[in-house]
Amino acid sequence: MSLEGYKKSVAFKDLIDNQSVAVEVENMALLLHRRGDRVYATGIYCPHAEVRLDPRNTSGDLIICKAHGYRSNIKTGECMEEPDVKLNTFPTVIEDGFVWIKF
Ligand code: FES
């Protein structure tokens with residue numbers, strides 16, 4: 001597959017299954033969430049009021065903001081508390097052992 005437009009981030013082997021981490025790719029702060037053999041990339045700021053999300057504060061596919069408790073789905077960006085707001089999500093590809101992100 002073509003990686004045009006994708007930016008190289010971390011090695012897939014460095015991600016722990018069912019955990020999320022903060023990364024910086026070309027000066028852009030993002031969260032990566034490994035779930036099995038897939039990796040999901042999201043924005044790092046809560047869609048409610050832009051508070052920085054803590055990657056340790058996840059439950060299954062949800063990331064929970066400590067500010068007011070909003071829960072966002074890491075795969076779809078859907079916010080459980082407010083359907084009109086959405087966590088940013090970005091396409092990812094795993095190629096050559098690395099996670100590539102398009103943003
Ligand atoms: S800023 Fe995250 S829930 Fe309000």
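Two strands count as paired if DSSP finds at least two bridges between them. I use that rule in these entries, and I note that the model is predicted.

**Entry 1: chain overview**

I started with the secondary structure. The chain has zero helices and 10 strands. Read from the N terminus, the elements run β-β-β-β-β-β-β-β-β-β. I then took the radius of gyration, which is 13 Å, close to the 13 Å that the globule rule gives for 103 residues, so the chain is as compact as a globular protein of that length. The C-alpha trace spans about 40 × 25 × 20 Å along its principal axes.

Of the 103 residues in the chain, 26% are buried. Among contacts with a separation of 6 or more, 41% are between residues 24 or more positions apart.

What is the order of the strands in the three-stranded open sheet? I read it as 1-10-9, with antiparallel pairing. Strand 1 and strand 9 are the edge strands, and each of them pairs on one side only. On average, neighbouring strands of this sheet are turned by 30 degrees against each other, direction ignored.

I went through the pairs next. Strand 1 covers residues 6-11 and strand 10 covers residues 98-102; four bridges join them in the antiparallel sense. Within this pair, Lys7 has Ile101 of strand 10 as its bridge partner, and Ala11 stands opposite Phe98.

Val93 has Trp100 of strand 10 as its bridge partner. The hairpin of strand 9 and strand 10 has two residues between the strands, and Asp96 takes a positive phi near 55 degrees there.

Strand 2 and strand 3 run antiparallel and are joined by six bridges. At this pairing, Val25 stands opposite Met28 of strand 3. Strand 3 (residues 28-35) is also joined to strand 4 (residues 38-43) by six bridges, and these two run antiparallel. Here Leu31 has Thr42 of strand 4 as its bridge partner.

For reading the faces of a sheet, I keep in mind that side chains in a regular strand alternate between the two faces.

**Entry 2: positive phi values**

I searched the loops for positive phi. Most residues other than glycine have a negative phi, so I wrote down the exceptions.

- Glu26 is not a glycine, yet has a positive phi of about 50 degrees. Glu26 lies in the loop between strand 2 and strand 3, a hairpin with two residues between its strands. With 9 other C-beta atoms within 10 Å, Glu26 is exposed.
- Glu50 has a positive phi near 65 degrees and is likewise a residue other than glycine. I found Glu50 in the loop between strand 4 and strand 5 (58-59). With 11 other C-beta atoms within 10 Å, Glu50 is exposed; the cut-off for exposed is 12 or fewer.

**Entry 3: the core**

I listed the largest nonpolar core, which has 19 residues; Leu30, Leu32, Val39, Ala41 and Leu53 touch the most other members. Strand 3, strand 4 and strand 10 are the elements that give two or more residues to this core.

I followed Ala41 further. Not counting residues up to four places away in sequence, Ala41 touches Leu30, Leu32, Thr89, Phe90, Thr92 and Ile101.

**Entry 4: Ile74**

Is Ile74 buried or exposed? I counted 23 C-beta neighbours inside 10 Å, so Ile74 counts as buried; the cut-off is 20 or more. Ile74 sits in a loop, the one between strand 7 (71-73) and strand 8. Leaving aside neighbours within four places in sequence, I find Ile74 in contact with His33, Tyr40, Thr42, Asp61 and Ile63.

I also took one distance from Ile74. Asp14 is 60 residues from Ile74 along the chain, and their C-alpha atoms are separated by 19 Å.

Technical notes. Residues are numbered from 1 along each chain as its sequence is written. This is a predicted model: local features need pLDDT of at least 70, side-chain atom pairs count only at pLDDT 80 or more; totals for chains, interfaces and linings use all residues. The radius of gyration is taken over C-alpha atoms; the globule rule is 2.2 Å times the number of residues to the power 0.38. Two residues are in contact if their C-beta atoms, placed from the backbone, lie within 7 Å. Axes are lines fitted to C-alpha atoms, for helices over the stretch in contact, and angles run from 0 to 180 degrees between N-to-C directions. A nonpolar core is a set of buried Ala, Val, Leu, Ile, Met, Phe, Trp, Tyr and Cys residues joined through C-beta atoms within 7 Å.
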